Amino acid sequence: AVRRGHRLGLHGSRHRGSWRRPTVDPDGLAQAADLLREYAGRPPATHRAPNFRLRERDVPVLERLGLRVDSSILPGLRFVRARGTLLLKSYEGAPRTPYRLSPENVARPGDSRVLEVPVTENPRFPSAPLGLGYLNTFGLDATRRAAAEVREPYVTFLLHTWEATDLGKAHPSLPEYVRKECSSDLEPLA
C-alpha cells in the first residue's frame, strides 16, 4: 500500500480496557509509530484515537510524533454516563469539516499543526459514525440514503478491520448486533 502512495495511520498500540481512562497512550503511540516506520520505511502521517477519545493533552503528543492528520472527533457524540461515570467525551458542536486542532479544546478550531478530519455522524443514528458496520447491518441502499442525507461536502466513512471479517462464524456467542456488523463480503464497497 505504501508503494502505491497510500499513507499509514495509527490507531494506537492497543485499546485500553476501561472507558474511564484516556485511551491515547503516548508511549504506546510512539512505540506503534516506531514499528510502522521500521516496517514500512516511512513514518505514519495520520491517527484516530480508539473510541473517539481524543483529549486536549493528546494534541502535543500527535505533533511531537509528526502526525499531520487526525480523525478522532465524531461531532455529534454526546456525553454518555453509566452509574454516574463519564464514559464518552462530548464533541457536540464540533466542526463537521476539517479544522486545525486546539490543545485547549479539541472540539474547537485552533492553531495546531494537526488537521482534524472529523468522522461523519450517521444521520440515521445520531452519535454513531457512518461506516462499514452500518453497511453490513442495513445494506447498500440504506447506506447510500444515509450518506445522501449528510449535509457536509464529503463523508468520512469509518471502517474497522474487524467489521470486514466474519466474527460471528468464529465467535458465535457474540451479540447478534456485532455479528451483523461484521462481514467479509466487501462487494458492496467495490
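Biologist: Which residues is Thr 143 in contact with, leaving aside its neighbours within four places in sequence?

Modeller: In this predicted model, Thr 143 is in contact with Leu 130, Tyr 134, Leu 135 and Phe 157. Thr 143 itself belongs to helix α4, which covers residues 140-149.

Biologist: Why is Thr 143 called buried?

Modeller: The relative accessible area of Thr 143 is 6%. Buried means under 20%, so Thr 143 is classed as buried.

Biologist: What makes the pair formed by Gly 139 and the side chain of Thr 143 a polar contact?

Modeller: The backbone oxygen of Gly 139 lies 2.8 Å from a polar atom of the Thr 143 side chain. The limit for such a pair of N or O atoms is 3.5 Å, and the distance of 2.8 Å is therefore within it.

Biologist: Where is Val 106 found, and why does Val 106 count as buried?

Modeller: Val 106 is in the loop between β6 and β7. Its relative accessibility is 0%; the class requires a value under 20%, so Val 106 counts as buried. The C-alpha atom of Val 106 is 6.7 Å from that of Arg 55, although 51 residues separate the two along the chain.

Biologist: Which residues touch the most other members of the largest nonpolar core?

Modeller: They are Leu 29, Leu 54, Tyr 91 and Leu 101, in a core of 27 residues. Helices α1 (26-40) and α2 (59-64) each supply at least two residues of this core, and α1 gives the most, with four.

Biologist: Which residues does Leu 101 touch, not counting those up to four places away in sequence?

Modeller: Among them are Leu 54, Val 59, Leu 62 and Val 106, and also Asp 70, Arg 108 and Glu 116. A second, separate core has five residues, including Leu 130, Tyr 134, Ala 146 and Val 150.

Biologist: In what order do the five strands of the open sheet stand?

Modeller: The order is β1-β2-β3-β7-β6, and the pairing is mixed.

Biologist: Why are β1 and β6 said to stand at the edges?

Modeller: β1 (9-10) and β6 (99-100) each have a single partner strand, so one side of each is left without a neighbour in the sheet.

Biologist: How do you know that β6 and β7 are paired?

Modeller: Two bridges join β6 to β7 (residues 115-116) in the antiparallel sense. Pairing requires at least two bridges, so these strands meet the requirement. Arg 100 stands opposite Leu 115 in β7.

Definitions and conventions: Residues are numbered from 1 along each chain as its sequence is written. This is a predicted model: local features need pLDDT of at least 70, side-chain atom pairs count only at pLDDT 80 or more; totals for chains, interfaces and linings use all residues. Side-chain values use heavy atoms; hydrogens and water are left out. Buried means under 20% relative accessible area, exposed over 50%, partly exposed in between (1.4 Å probe, protein chains only). A polar contact is a pair of N or O atoms within 3.5 Å; within protein, one must be able to donate a hydrogen and the other to accept it, and residues adjacent in sequence count only if both atoms are side-chain atoms. Contact means heavy atoms within 4.5 Å. A nonpolar core is a set of buried Ala, Val, Leu, Ile, Met, Phe, Trp, Tyr and Cys residues joined through side-chain atoms within 4.5 Å.
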